[in-house]
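Subject: Structure handover

Hi,

Please open it first, then read my notes below.

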Amino acid sequence: METAIPKIVVVGSCSVDFTTYAPRLPLPGETLHGTKFTTSFGGKGANQCVAAAKLGGNAYMIARVGDDYWGKQYIDNLTKFGINAQHTKITKGITTGIAQICVSANGENQIVIVSGANNYLSISDINENQELIKNADIIISQLETPIETTYHAFKCCNGIRLLNAAPASTNIKDLLEHCNILCVNEPEASFLVGFNVDVSNIKNALRKLLELGCQTAIITLGNKGAAYCKKDDDLYVHVQCTRVVPVDTTGAGDAFVGALAKFLVSHKKTPLHQIVGAACDVATKSVMKEGTQPSFPDNYNPFQVLYEYIIL
């Protein structure tokens, strides 16, 4: 009897990235000469879906795009990566979401998003895809689409519910009660816990996140790896990460989340610290190339090494 291929379902955003490259990030009110301009496909939801699909995941995208030039192009882009995009709808009279991104020479970035059609992802979209969501092995969502839509999707899902709480919002307490895994970076964690989070106070930050209602909290730490804690075992773990000179950090967090989701369902017997380490490795690979989705590694197996970790 054949084993069903695990389903990874993303309920989230699709946006088009307009990216400028400059020697450094501009100060408020400052105009700089840039070095290059690119247009590419982004949005946290779609990025995470592409990251999972490029690693061999069986990925589905539930999303909204506009009825402009970019909407049809975006659906074609998802399909190109082997993603099932039949649940991604074109929304009449609305533009596709966009992101304006500036990347400095040292790889740091600033991002401004305009949600467009992403704001129209609704509970009706969840109801129309209820069976797919219910039977998903893992569902991923973010905060670039309406929170009530994600809440309804999480309530429907019998599998793992992974929330990337970005952009940060305080209005997620009810959502976290239905969340198995919360994943945030340092600024997002700082917003949620009310103090500046770094490696020195990471244990306290993780404890605070668990108190918000999720079962497992993960904080990504850039080139310092990631730290996590599970409510049921009270172990605080810091997973180390290979440090590299970044070319472009845009989308690294999405690479991590997409890889994490894929490995959680494809390596169910692997310890979580190794899954988190492997996701860090995928994110590290992504920052060594320009762009977002094109920088995510294809069919890459990061489980050929053991990842170092520290019990905090």
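This is a predicted model. The protein chain has 10 helices and 14 strands.

**Overall build**

The chain holds 312 residues, and for that length a compact globule would have a radius of gyration near 20 Å. The value here is 18 Å, which agrees. Along the principal axes, the C-alpha atoms fill a box of roughly 50 × 50 × 40 Å.

Of the 312 residues, 54% count as buried. Take the contacts with a separation of 6 or more: 64% of them come from residues 24 or more positions apart. The accessible surface is about 14000 Å². Carbon and sulfur atoms supply 52% of that surface.

On charges, there are 26 positive and 28 negative. Their mean positions lie 3 Å apart.

**Thr 96**

Start with this residue. Thr 96 sits in the loop between strand 5 (88-91) and strand 6 (97-103). Is Thr 96 buried or exposed? Its relative accessible area is 3%, under the 20% cut-off, so Thr 96 is buried.

Which side chain does the side chain of Thr 96 join in a polar contact? The partner is Asp 68, at 2.7 Å. The Thr 96 side chain also reaches a backbone atom: the nitrogen of Gly 71, at 3.3 Å.

Leave aside neighbours within four places in sequence, and Thr 96 is in contact with Cys 14, Val 16, Val 65, Gly 66, Asp 68, Trp 70, Gly 71 and Ala 117. Gly 116 is 20 residues away along the chain, yet its C-alpha atom is 5.4 Å from that of Thr 96.

Thr 149 belongs to helix 5 (residues 147-156). Its relative accessibility is 1%, so Thr 149 counts as buried. Not counting residues up to four places away in sequence, Thr 149 touches Leu 121, Ser 122, Ile 123 and Ile 126.

Thr 284 lies in helix 10. Its relative accessibility is 9%, so Thr 284 counts as buried too. With neighbours within four places left out, Thr 284 is in contact with Cys 241, Thr 242 and Val 244.

Helix 1 covers residues 44-54. How many of its 11 residues are buried? The count is 10, so helix 1 is mostly covered under the 20% cut-off. The buried set is Gly 45, Ala 46, Asn 47, Gln 48, Cys 49, Val 50, Ala 51, Ala 52, Ala 53 and Lys 54. Note that Lys 54 is in that set. Gly 56 follows helix 1, with a positive phi near 100 degrees.

Helix 7 covers residues 186-193. Six of its eight residues are buried, so helix 7 is largely enclosed by the rest of the structure. These six are Glu 186, Glu 188, Ala 189, Ser 190, Leu 192 and Val 193. Two glutamates, Glu 186 and Glu 188, are among them.

What do the buried residues of helix 7 pack against? They meet strand 9, strand 10 (181-185), helix 8 (202-211) and strand 11 (216-220). Just after helix 7, Gly 194 takes a positive phi of about 90 degrees.

**Backbone points to check**

- Pro 167: the peptide bond from Ala 166 to Pro 167 is cis, with omega near -5 degrees. Pro 167 is placed in the loop between strand 9 (160-164) and helix 6 (173-176).
- Asp 234: phi is positive, about 55 degrees, although Asp 234 is not a glycine. The residue lies in the loop between strand 12 (226-230) and strand 13 (236-239). Its relative accessibility is 52%, so Asp 234 counts as exposed.
- Asn 299: phi is near 40 degrees, a positive value in a residue other than glycine. Asn 299 is in the loop between helix 10 (272-286) and strand 14 (309-311). Its relative accessibility is 66%, so Asn 299 counts as exposed.

Best wishes

Methods:
Residues are numbered from 1 along each chain as its sequence is written. This is a predicted model: local features need pLDDT of at least 70, side-chain atom pairs count only at pLDDT 80 or more; totals for chains, interfaces and linings use all residues. Side-chain values use heavy atoms; hydrogens and water are left out. Helices (H or I, at least four residues) and strands (E, at least two) are DSSP runs, numbered from the N terminus. The radius of gyration is taken over C-alpha atoms; the globule rule is 2.2 Å times the number of residues to the power 0.38. Buried means under 20% relative accessible area, exposed over 50%, partly exposed in between (1.4 Å probe, protein chains only). Contact means heavy atoms within 4.5 Å. Accessible areas come from the Shrake-Rupley method with a 1.4 Å probe; for residues, only the protein chains shown count as cover. Lys and Arg count as positive and Asp and Glu as negative; His and the chain ends are not counted. The place of a charge is taken as NZ of Lys, CZ of Arg, CG of Asp or CD of Glu. A polar contact is a pair of N or O atoms within 3.5 Å; within protein, one must be able to donate a hydrogen and the other to accept it, and residues adjacent in sequence count only if both atoms are side-chain atoms.
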